[in-house]
Each structure stands twice: as structure tokens, then as C-alpha cells.
Amino acid sequence: MTRTPCSLAALGQVNALGKSNAEVAKNLFAGDGSGLVRRDDLVPGRSLFFGEVRDPLPEIPARLARFDCRNNRLALAALEQIGAEVEAALAAFGRARIGVVVGTSTSGVSDAEQAIAERERTGRLARKFDYAQLEFGGLAGFLAECVGARGPAYTLSTACSSGARALASARSLVALGLCDAVISGASDSLCGLTANGFHSLGALSEAITNPCSRNRDGLTLGEGAALFLVTRDPGGVQLLGVGESSEAHHISAPDPEGRGAEAAMRGALADAGLAPAEIAYLNLHGTGTPQNDPMECAAVARVFGRELPCSSTKALVGHALGAAGAIEAAFCWLALREIRDGALPLPPHVFDGERDPELAEISLVPGSASARVGARARVMTNSFGFGGSNCTLVLGTDARP
Amino acid sequence: MKVSLSRWAAWAPGLETTEAWAAWANAPAAIGAEGVPDASFLPAMLRRRCTPLTRTMLAAAFRCLEAEELPRLRSVFASRHGSINESIGLLGNVARGEKLSPAVFSHTVHNAQAALFSIAAGNTAASSSLSAQEDTWPCAFVEALSMLERDRDAPVLLVVGDVPLAETFAPLVDEPAVPYAFACRLAAAGSGPGIELSLAESTRPRARPPWPHALEFLRWWLSGAPELVQGARSTSFRFARA
């Protein structure tokens with residue numbers, strides 16, 4: 001059976017690298033990690049690096065004040081960048097045919113923290129606080145109301161694979177004919193809950209995350225949003241493959257053998273009908289924790305051998321948890337859109353250069369590198385979540401104009 | 001896509017058996033606000049870590065499937081509130097500058113129920129977890145359809161459930177505050193009998209049943225009535241027997 005085309009027809013994004021596709025692309029391919037900054041207000045007594053969005057964010061429209069939280073402001077910053085394409089889809093298909101499937105792991109927790117802190121002081125929740133800011137479904141509800149979409153609107157939250165999984169489901173809703181277009185991607189925001197939660201697990205790096213290094217000591221948290229307009233148009237950047245697995249292993253640690261990671265990558269290749277050698281680049285989950293990198297490198301080496309160019313972009317934007325899968329799919333989208341004369345630009349693997357000899361050998365992208373691609377370019381991105389929820393995507397473009 | 005619903009199980013206080021649910025569906029009454037299902041089906045180590053929501057959703061999941069399908073089927077877990085009750089305690093810790101418990105934090109991810117199901121059942125298949133405000137149930141059905149689209153030959157376990165919100169947030173949410181879970185096994189129906197879902201814009205507010213939407217769906221399924229229209233927001237979800 002031939003699969004329905006799935007176009008990632010438009011993209012808007014905001015993260016520590018910038019607030020537009022052009023700005024993010026420039027800093028991404030330059031390997032500019034200066035967006036990671038120290039903050040001492042998230043974990044008591046600790047000054048740690050975070051991939052913070054420092055640009056001012058758009059205001060939530062007054063009619064949607066109940067949704068006003070940082071997470072939704074980040075999402076709105078991404079949504080505004082694809083406003084014209086969303087308007088065109090609403091006009092072409094009608095609002096009942098436009099769905100919203102997005103991911104988050106935080107929703108508006110940072111705003112709920114303020115509400116709870118006020119309750120500790122005064123005995124009452126902050127007046128501005130509304131449950132729609134905190135509940136996970138609020139992100140999808142906000143975006144649907146914002147644009148007037150009347151198709152199904154829901155939020156997937158499978159920890160760090162949420163954003164990738166949202167794109168997988170969006171593709172299916174379009175293929176099923178339940179929607180003609182879906183606003184899909186993710187938003188996640190820095191907050192005390194996840195910062196202190198990961199700190200309690202000993203998972204946060206003392207410095208900037210250092211994936212695949214012998215000196216790596218944990219992850220750096222980040223925030224951001226990436227939203228795509230998913231349609232069934234042929235051409236452009238296509239979502240070609242989805243691979244999903246669960247680990248049945250542990251609530252907060254991956255299977256050390258990387259079997260779930262391997263299953264997700266092999267599943268995505270099979271879904272896209274591709275051989276491993278047809279993939280030109282892999283964006284690693286690459287969190288820089290002691291547990292993630294060995295299992296991921298081992299799994300990558302088993303599937304691809306050691307030649308495939310790979311990079312983790314977590315040292316540039318931080319780990320945006322529920323949004324990471326969408327943000328990294330956005331990086332793949334940018335790379336595919338910037339192919340020039342058969343050269344696919346590659347996001348560099350930023351670390352201290354001291355590769356951990358204990359890791360299975362894979363090719364880490366040095367600064368300013370590109371890969372040769374023919375008429376078809378295919379790239380992959382990995383997202384592995386807490387609780388053993390894995391999702392791998394394959395994106396691609398055909399025959400450049 | 002037409003789907004068949006071949007097995008189901010549900011749990012709410014005082015409603016534990018198929019017979020009890022059939023009687024309730026015929027003559028529905030208010031559902032009790034307190035209780036948790038017996039968790040003896042879980043290994044002792046997992047039982048200790050289970051929140052009331054996890055216990056409730058996993059009880060429905062394990063009762064729904066035959067033992068040989070538990071480790072194999074893909075799954076969709078849906079809950080409007082998820083682990084927010086546990087998060088409230090952590091938010092208090094954050095407000096007071098206290099250390100968080102790593103174990104409690106780990107179990108507040110929205111996919112905690114899916115993760116513990118995967119571990120308890122030894123299931124490595126794809127799994128998804130979602131939330132959609134008042135429309136969490138019908139959107140969960142849509143997400144199950146999306147999984148079937150990815151592989152029409154493999155059935156999907158759909159589990160939806162919630163427990164009442166703790167008093168910190170309960171006054172902010174207007175909906176039946178009952179602990180419950182509903183699980184069903186959905187498969188692509190081909191030419192056999194099944195359920196067809198169609199979507200449209202909803203133009204006027206729809207009266208809310210005095211129990212969760214998923215249990216209203218169960219009532220409809222047991223009633224034999226030709227169709228059920230749900231949707232509390234601006235989408236109308238029409239389930240029809242086909």
C-alpha cells in the first residue's frame with residue numbers, strides 16, 4: 001500500500017538559538033551554544049546552565065487569558081510564524097477539518113508554581129491562575145482556540161518523546177482523512193519542578209551538557225516550541241517514517257543495551273521503506289547523561305555501523321524534554337531545506353572533543369560539515385523518553401528544483 | 001476507519017464486574033467518589049509505587065485483555081488530570097525550596113501509567129499518552145485510530161481513567177469527580193461490524209452526563225443504540241454502529 005504523502009508544509013520555532021527559522025539555522029549550523037546561560041533561581045543554592053528563550057514572547061490574546069502561561073506564549077511565538085499558512089488551510093479546508101496534536105511535558109507548570117507559592121503565603125491560589133494553564137490538554141486547547149480550528153485537539157505527553165510522537169499522530173490523522181491539516185509539534189518551558197526533579201535524580205550537568213564525552217555528567221535543560229503545519233501535499237519536506245517502542249524496563253532509566261532505541265530506529269526505517277545506508281544524518285537523543293549515550297551509541301552502531309554522520313544538538317539548545325522531538329525534527333527540516341548543490345548541511349556535535357572510549361564508535365559531526373546527497377535526502381531524529389517511551393522519525397526531500 | 005470493539009473492562013467504586021456494569025448501563029446511578037481497585041494482579045514491588053490512578057487504569061487494562069495479549073498489544077493511555085495530584089505535593093516542595101523525592105518525581109510524568117503497564121506486562125510495543133481537557137475520552141479514541149492507521153493489522157488497547165483532583169485544584173474544574181477507568185480492545189474492522197467515528201464542528205454546547213464521557217460511551221455501547229454524539233468543546237464526535 002502506498003502511504004499518503006505527509007508534508008511538513010510550514011515551520012515556526014523558538015528556542016535558545018533564536019526565534020525564527022533563519023536565525024535558528026544560522027546559529028545551529030554555526031554550532032553557537034551561547035544561548036545556554038547560567039541561572040541560580042531554579043534549583044536552590046545551585047547555579048546551572050539552561051537553554052532559556054530570552055527574546056520577549058508574544059502576549060496571549062485577552063479573550064484567551066485563561067490560557068496565559070509561559071508554555072503557551074512559547075507556542076504562540078512559533079504559531080505566529082506559520083500564521084499565513086494556517087489561515088490558508090482554514091480557508092481551503094474549513095475549520096472543522098483542521099486538527100491540533102501537540103506535545104508537552106511541562107504545560108504551564110512554571111505558572112502553577114507561582115500560584116502554589118502564593119497559596120503557601122496567603123492561603124489562596126493566585127487569581128490569574130486557571131487550571132487550563134496546568135493541565136496537559138491546555139496546550140492543544142489553546143492553539144485550537146487561538147486559530148479557530150475545530151478538528152480534534154489533544155496533547156500527547158510521553159515525556160521526552162512527546163514532540164516526535166505528536167508529529168507521528170498528526171501524520172496518521174491526515175492519512176485517515178479525519179483532518180486535512182494538523183497543527184503539530186510541541187512546547188516545553190523551564191520550571192522549578194523539572195529542574196529540581198532532574199536534579200533530585202542526579203541528572204543535571206554541572207556545566208554545559210557534554211554528550212558522548214568521557215567527561216559528561218548529565219543533561220542541560222532547555223525550553224522552546226516548534227510547530228509545523230502537517231498536510232497531505234506531496235513535495236517539500238516529508239515525514240516519511242515513524243518508529244515507536246516501549247522498554248518495559250524502568251521508570252527513569254533506559255535499557256542499558258539500547259534495545260528499545262534500536263527497535264525505534266529499525267521501525268522508522270521499515271516504515272519509510274529505507275535501508276540504513278540511505279540515511280544521510282541522524283540527530284541523536286544525545287542527552288549527555290551517563291546512561292543515555294552508551295545505550296544510544298551502541299544501538300546506532302548496531303543499526304548503521306560507524307559511518308553515519310550523527311550529532312546531538314542538546315549543547316546548543318538544552319534538553320527541552322517534551323518539545324525536544326519537535327525541535328530536533330525542526331533542525332532536520334532546516335537542514336533539508338538548506339541543501340545546496342547536493343550538500344546537506346549538518347548540525348555540529350558540540351562537546352569538549354574528548355570522546356568516551358567506552359562508547360560504541362559512531363561518527364560525530366565536526367564543525368561546519370555537510371553530507372553529499374543525491375536527488376533523495378533522508379535524515380532521522382531520535383527521541384527517548386522517561387518511562388521507556390521511544391519515538392524515531394525519518395524526514396526527507398526529493399529532487400531539488 | 002471502522003473499528004471493532006471486541007473486549008472491554010471498566011472499574012469504578014462498586015462497579016467491578018461486567019454484570020454490575022450491564023445493570024448500571026440499564027439504570028445508571030451516581031458513581032461513588034472513593035475507592036481503589038484491588039491490585040493483587042501486580043507484582044508487590046510495582047504495587048507499592050502505584051498511585052491510585054495507576055492502580056485504577058492498570059486494573060482495567062489487565063482485566064480487558066487476555067494474558068497472551070498483555071505483552072503484545074500497542075496501547076493508548078488517556079487521562080485528563082494524569083498525575084497532577086502527586087505533582088501538587090512536589091509544587092509545594094518547590095515553593096518551599098525543599099528537595100524533591102526522585103521516586104515521586106519519576107511517577108508524575110503523564111506517561112507513568114503507560115510506563116508501569118509496559119513494565120508490569122513486559123510489553124515493548126508502541127504506547128501513547130494524552131490529555132485533552134473535557135474531550136479527553138473522544139480524543140483518546142482518535143489517537144487509537146491514529147495508531148491503527150500506522151499498522152492496521154495489530155489491535156490497540158485503549159485505556160482512559162481519572163481520579164478526583166485534590167482540593168487545591170478541584171474547585172477550578174467542573175466535571176464529575178469520580179475515580180474510574182475504562183479499557184477496550186480496538187481493531188481495524190474490515191468488512192465486519194464495528195464503530196465508525198465521524199467529526200464535525202459543534203455549534204452549541206452539549207449537556208454533560210453526570211458521569212465521565214468514557215462511561216457514557218460504555219452505556220451507549222451496551223445499549224445497542226445506533227449512534228452517540230459527544231464533545232464538550234467545539235468538536236462533535238459522532239460514534240455510529242456500522
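Analyst: Let's start with two strands of chain A: strand 3 (residues 48–51) and strand 7 run parallel and are joined by two bridges. A:Gly51 sits opposite A:Gly222 of strand 7 in chain A. Strands here are DSSP runs of E, at least two residues long, and helices are runs of H or I, at least four long, both numbered from the N terminus; two strands count as paired if DSSP finds at least two bridges between them.

A quick word on the ground rules. This is a predicted model, where local features need pLDDT of at least 70 and side-chain atom pairs count only at pLDDT 80 or more, while totals for chains, interfaces and linings use all residues. Residues are numbered from 1 along each chain as its sequence is written, chains are lettered from A and ligands numbered from 1 in the order in which they are written, and side-chain values use heavy atoms, leaving out hydrogens and water.

Back to the sheet. It is an open one of three strands in chain A, ordered 2-3-7, with mixed pairing. Strand 2 (36–39) and strand 7 (221–222) of chain A are the edges; each has a single partner strand, so one side of each has no neighbour in the sheet.

A salt bridge here means a side-chain nitrogen of Lys or Arg within 4 Å of a carboxyl oxygen of Asp or Glu. Over all chains, the structure holds 41 of them.

Zooming out, chain A carries 12 helices and 16 strands, and its C-alpha trace spans about 60 × 55 × 40 Å along its principal axes. Chain B has eight helices and eight strands.

Now for where the chains meet. 60 residues of chain B contact 63 residues of chain A, contact being heavy atoms within 4.5 Å. The area buried between them is about 5,100 Å², with carbon and sulfur atoms giving 63%; that is accessible area (1.4 Å probe) lost by the two parts on being put together, summed over both.

Strands turn up here as well: strand 5 (residues 153–156) of chain A pairs with strand 3 of chain B in the antiparallel sense, over two bridges. A:Thr155 stands opposite B:Ser131 of strand 3 in chain B.

As for charges, the rule finds seven salt bridges across the interface of chain B and chain A. B:Glu201 and A:Arg95 meet in a salt bridge through their side chains, at 2.6 Å, N to O. Among the elements that give two or more residues to chain B's side are helix 4 (84–95), helix 7 (136–150), strand 3 (127–131) and strand 6 (195–201) of chain B. Helix 7 of chain B gives the largest share of that side, eight residues.
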